[in-house]
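The following exercises are meant to be worked through with the sequence and the model side by side. Each task is followed by a solution that goes step by step.

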Amino acid sequence: MPLPIPPFFAAVLRLCAGVMMSLLLLNSCRSAYAPDTPPDKVIKNGVVVTVNDQKLSVLRDGKAVRTYDVSTSKFGLGSSRGSYKTPTGVHAVASKVGGGMPKGMVFHGARPTGEIVPPDAPGRDPIVSRIIQLDGLERNNSNSYARRIYIHGTAEERTIGRPSSYGCIRMKSNDVIDLFDIVSQGEPVAIETCSQKTYLNAIADPNSELVMPGQNVMTPQKALAMRTPRRSSYRSRVVRNKGARRARVTASGRKSSKPKKKKRTRKSGSLASAIGALPGGDLPLPAISPDAGRGSCGIRPPTLS
C-alpha cells in the first residue's frame, strides 16, 4: 500500500509542475515567430536574419562569425507597401549611413539630427546610431528600397529579441555599430523565416541552392536599374498622348469638336481671409510626437508613436 504524500510536498510538486509548464509554453511562443522551415536558397558569405529565433548572423565561408539579437516587424512578414511587415528573401546592402556618429545619435530622414537619446529612454522610439539600407534582389521584395527597409539601431533596446518593429530589423546600438564596420556595400543580406540552426544546416546540405546573382536572384546593379525612374520614357508617353489627341478626327475627316472644359478659378483672397480669421494667422496643427516619421522604414505614421 503506497504511503500518502504530505500536503506540503504535494503543494511543492504542483508548483514545480506549473513552473515547467510555463517555461514550455514560453519556449513554444518564442519559437512561434515564424515556421522553422529550411530556406529555398542560401548564402555562404554575407548577413542572414532568421525570424524564428530573432537572430542576425554574419557568415563567412558558411560559418557564423558574429551573432546578434534583433527585432523584426510585429506585424509579421510581407512586402506590401504600407503593411509595416518585414520582407523576406535575398537583399543587398544599398547604403550605409552614420559612420563616425556617436552612439545614440537620432536620425530623421536618414540624416543625423544632433540629438542623442540613451537606451530605453521613456517615451522615445527613434532610429539611432547607424542605418544600413537594404535593396531587394528578388521579385517579391523588389520594393524594399522604396519602403525604406533598414537594419538600424533602436532606443527601445528592451524590446530586442522579439518582433517589435514596423518593418525594419532593429538592433542594439553597440551591435549595429559593430555590424556597420563589418559589412560592405553590395553585400548580400538574406531574411528567412527559419532559425539560425536550420539555416546553417541548410548551408551544409549539398542539395541546397546557393544564391547566384544574375541567375536565381537579381544583381544589385539590376535592382538599382529597376528602381531608377525612367523620365525619358515618361515624356515620350506624354508626347504620344498629346499627338493622339491632336490627330483625333471624326468620320467626315474633320477634327472632333469636343467642348473644352472650363478651368475652375478660385476667388482671390478667400484662403487668405480664412487663415487671417484664426488667432495669430496660423492653421491649427495636431500634436505630433517628437519621433513621428522617424520610425522603422521611415514611413511610420504619427498615430503609431
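**Exercise 1. Arg60**

Is Arg60 buried, partly exposed or exposed, and what is its relative accessible area?

Solution. The model is a predicted one, in which local features need pLDDT of at least 70 and side-chain atom pairs count only at pLDDT 80 or more, while totals for chains, interfaces and linings use all residues. Residues are numbered from 1 along each chain as its sequence is written, and side-chain values use heavy atoms, with hydrogens and water left out.

Step 1. Arg60 lies in strand 3, where strands are DSSP runs of E with at least two residues and helices are runs of H or I with at least four, both numbered from the N terminus.
Step 2. The relative accessible area of Arg60 is 29%. Buried means under 20%, exposed over 50% and partly exposed in between, with a 1.4 Å probe and protein chains only, so Arg60 is partly exposed.
Step 3. Leaving aside neighbours within four places in sequence, Arg60 is in contact (heavy atoms within 4.5 Å) with Lys44, Asn45, Gly46, Val65, Ile182 and Glu187.
Step 4. With Glu187 there is a side-chain to side-chain polar contact at 3.1 Å. A polar contact is a pair of N or O atoms within 3.5 Å; within protein, one must be able to donate a hydrogen and the other to accept it, and residues adjacent in sequence count only if both atoms are side-chain atoms.

**Exercise 2. The surroundings of Thr86**

Step 1. Widen the view: beyond its neighbours within four places in sequence, Thr86 is in contact with several residues, among them Thr72, Leu77, Ser165, Cys168 and Ile191.

**Exercise 3. An aromatic cluster**

Which residues form one aromatic cluster with Tyr84?

Solution. Step 1. The structure holds 3 aromatic pairs, where rings of Phe, Tyr and Trp (its six-membered ring) pair if their centres lie within 6.5 Å, and planes under 30 degrees apart count as stacked, over 60 as edge-to-face and the rest as tilted. The pair of Phe75 and Tyr84 is tilted, because the ring centres are 6.0 Å apart and the planes stand at 45 degrees.
Step 1. Tyr84 also pairs with Tyr166, edge-to-face, at 6.3 Å centre to centre and 90 degrees between the planes. Tyr84 lies in the loop between strand 4 and strand 5, whereas Tyr166 lies in the loop between strand 9 (150-154) and strand 10 (169-171), so this pair ties together parts that are 82 residues apart in sequence.
Step 2. Phe75, Tyr84 and Tyr166 therefore make up one aromatic cluster.
Step 3. Compare the cover: Phe75 is partly exposed at 37%, Tyr84 is buried at 17%, and Tyr166 is buried at 5%.

**Exercise 4. The buried side of helix 3**

Where around helix 3 do its buried residues lie, and what do they pack against?

Solution. Step 1. In helix 3 (residues 196-204), the buried residues are Gln196, Thr198, Tyr199, Ala202 and Ile203.
Step 1. These residues cover an arc of only 165 degrees around the axis, which puts them on the same side of helix 3; the arc is that of the directions from the helix axis to the C-beta atoms.
Step 2. Lys197 and Ala204 are exposed on the other side of helix 3.
Step 3. The buried residues of helix 3 pack against strand 1 (41-42), strand 2 (46-50), strand 3 (55-60), strand 4 and strand 11 (188-192).

**Exercise 5. Backbone angles**

What is phi of Gln54, and where in the chain is Gln54 found?

Solution. Step 1. Phi of Gln54 is near 55 degrees, a positive value in a residue other than glycine.
Step 1. Gln54 is found in the loop between strand 2 and strand 3, and its relative accessible area of 0% makes it buried.
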